[in-house]
Amino acid sequence: MSGEGFALELRGITKRFGATAALNDASLAVRSGSLHMLLGENGAGKTTFLNIATGNLQPDTGAILLNGQPVVWRHRADALAAGLSAVSQHFSLVPAMTVAENVALAGPRLGAKYNRREAEDTVRRIANNVGLDLDPAAMVGDLSVAAQQRAEIVKAIARNAPVLMLDEPTAVLSPPDAAELLLWLRGFVSSGRTVVVITHRIREAMGYGDEVTVLRRGQTALSAPISSTSEQEVVAAILGATDTGPLAFARQHSTAVRQTLGTSVLALHAASVIDAGGARRLRTTSLEVRGGEVVGVAGVEGAGQYQLLRLLAGRISPTSGRVTLPPSVGFVPEDRHRDALIADFSLVENMALRGIEARRGVMPWAHVALQVQSAITAFDVRGGDVRSTASALSGGNQQKFVLARELADAPQALVVENPTRGLDVRASQEILTRVRDSAAAGSAVVMYSSDINELLATADRVVVCFAGEVYETTLDSDAIGRAMVGVR
Amino acid sequence: MSLLRRLSAGVAPALVVLAAIAVVALVMMVTGFDPVAAARAAVRGAVGSEFALFSATLKRTTPLLMLGLAVAVAFRAGVLNIGADGQFLAGAAAACAFGLAVGDAVGRSVLLGALAVGILAGALWAGVAAWLKRRFNVMEVVSTLLLNFVALNLVGFLVRGPLQEPTGAYPASATLLSAARLPLLLDGQRLHVGFVFSVGLAIAAWWFFRSTAAGFQIRVTGASRTVAASAGRLDVDGVQMWSLVASGAIAGLAGACEVTGVTYALYEGLSPGYGYTAIATALLGGLNPLGIIMSAALFGALGAGADAMQRDAGVPAEFATVVTALVVLGVLAVPGVMKNWARITGRGEQ
């Protein structure tokens, strides 16, 4: 079946996780034999969409149609059997097996005797066709992230499924590899197959896709053939109407008097980061942050801001280049539970985490308890006292406590990462006001946020991470949004 | 922490022990042994007389308490040291070799030297696993366990070779001279000064974890490596490495105390699995040094009782090992059980 019909349709899909709706009456229609691009901001619902299409998640309401017929997936295997193959962002490879073995494992004839030569030939043939460089005999665990991505793609193609879905396949590929893969996908669809590619990169979508669907906050914001839409229209659909209104408070609410900009406090000098898997996370970057300013950082997931922030907070060392750090840097990581607080430790113990590496001798618990007391008062932390465990506090109060801890010794610099994640409007406002106050008091502040409006309300200038590179942009939501998807 | 949870922290282990004993009593009945007679003999053998209390129960409590503390130091740092038994043997062998070599040439100092050498040997034995973990990322569960067998066979070699007693008749070392022996605590009883060391060490460990920066660093690392390295900037690999070495040092001291305080000679059966029972001891004590004093006394009594049970009631001592094993399983299951219970009754904290 090709040409006019739809290979895959998702109609009126709603999916809630607790109180938040990841998808709210969203729809997607993928024409047979087309290369369909699915775009949207972080958290717009793209991956949830893919998970529902492939049977990993059950929708709360809505219908899935395959070649016009309604289907119900009870399990991922149902979708696979019906010819829907997917590559998710999180790899499903066995690290202790070779590439060829992994591909064979996913193959249709599992159970027959494993023929190493045949399996390796299959991988080599597919990799050659697709233009991906891949050694079939290599152990997956030894491969770089980019090579593992290539192995995942080859595995999905080897299933010979008529519909292929790829979640950000180019995110960790080098630009030439990405271009070659997309080019091959074009050829793949011309043979009658259907492909859905999730991407953050607008240029990719416009350059290689047949049709585009944009999700915004769980709803379908745009659905059109590429030929009848424009880059501007797509960007507008991704970002939505800019409403800075309710968020412009932070700047106005900051009561402290703005100082004039101080000297350079934090700086990167041609610093780059290559992670343990060998992937280049941050290309050579220079950046200077002065006392009294808030530098906002924007970027889609995995664009390098994670490493940028940790370099500036002194939590990791650059692979090359240099970092200038003041004696004291406050750091508020995005994931409170993983990185900032120990849930069943008392607030006093959690307060003592800051600077723990330099502590010697006997712990001054009484003194730390006083710090907790004054943090609770100064930051209006509610729901707990000195003896409570961190888990007794609500998310917003935990975040206030973390910020209070990091600011307790009036650090010369403050690095915060998505500080309002999971907080309600009121708590978010309080946090952002504190961040601005800190800059007003002379600190050099760096703040990453996945919410552009939050950056506009808080930052004095903004840098954007894209594919490991850091650019400065104007303080303008369109400009930031474009830079985040690689359009400058 | 609510009062309920504070109470249950003490009550749950007691319930686990009682349940384990009940299960074993049931098995005794099914297999044709008389659990009442067994219990009577066990209680008499553990606490029935001064001799039972001091020369059997508390004498056994000493190595279990020290080894339990050793295990707790590592576990608190998030390092699973399964090798206390091997570190114990390394400490015992080194202390014995030192004591025999020096003899009574330097008077009482030989004892201090032997204990110091035991500590060092235990630390080195654990240090091998610590280095393998740091350098090659070898799981300490595997390396420490395997080093137990190396230590056991090393002792076997020593007592048949370089350290064998002069007549060459037995696979054991010569006997330590009195200068190298730990003083006994009570006349006519076998309890030695090492018991005082072990209790003192427990109190010191309790203070260490509660009040010192190093103790706090270990607790934080064990609770969350990511928080330790992100909220703090701790070198978590380094903390874990040194915790394992310290754990081995304490286990080495336990071995040195056993050979200078109880056996006065080295032989292969020196540890009847003390290092493994110590894991149960540490877990039952909630990794809290004061709790470990209680659980070590309990397992000391259990071991002494098991011997008496076999001797006086003809019930195999292995039943006591089953109790130990069931206690470990029970203690590990408690958090999960409590969580389920909280969910069912709707009294969870969140």
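A:Asp25 is found in strand β2 (residues 20–31) of chain A. Strands are DSSP runs of E with at least two residues, helices are runs of H or I with at least four, and both are numbered from the N terminus. The phi of A:Asp25 is near 55°, a positive value in a residue other than glycine. Most residues other than glycine have a negative phi. A:Ala467, also not a glycine, has a positive phi of about 50°. A:Ala467 is found in the loop between β18 (461–466) and β19 (469–473) of chain A.

The model is predicted: local features need pLDDT of at least 70, side-chain atom pairs count only at pLDDT 80 or more, and totals for chains, interfaces and linings use all residues. Residues are numbered from 1 along each chain as its sequence is written, chains are lettered from A and ligands numbered from 1 in the order in which they are written, and side-chain values use heavy atoms, without hydrogens and water.

A search of the whole structure finds 28 salt bridges over all chains. A salt bridge is a side-chain nitrogen of Lys or Arg within 4 Å of a carboxyl oxygen of Asp or Glu. One of them joins A:Arg338 and A:Asp339, with the closest N and O atoms 3.1 Å apart. A:Asp380 and A:Arg382 form another, at 2.9 Å from N to O.

In chain B, B:Arg160 forms a salt bridge with B:Glu268, the closest N and O atoms being 3.0 Å apart. B:Arg160 lies in the loop between α6 (140–158) and α7 (194–211), and B:Glu268 in the loop between α10 (236–263) and α11 (274–284), so the pair ties together parts that are 108 residues apart in sequence.
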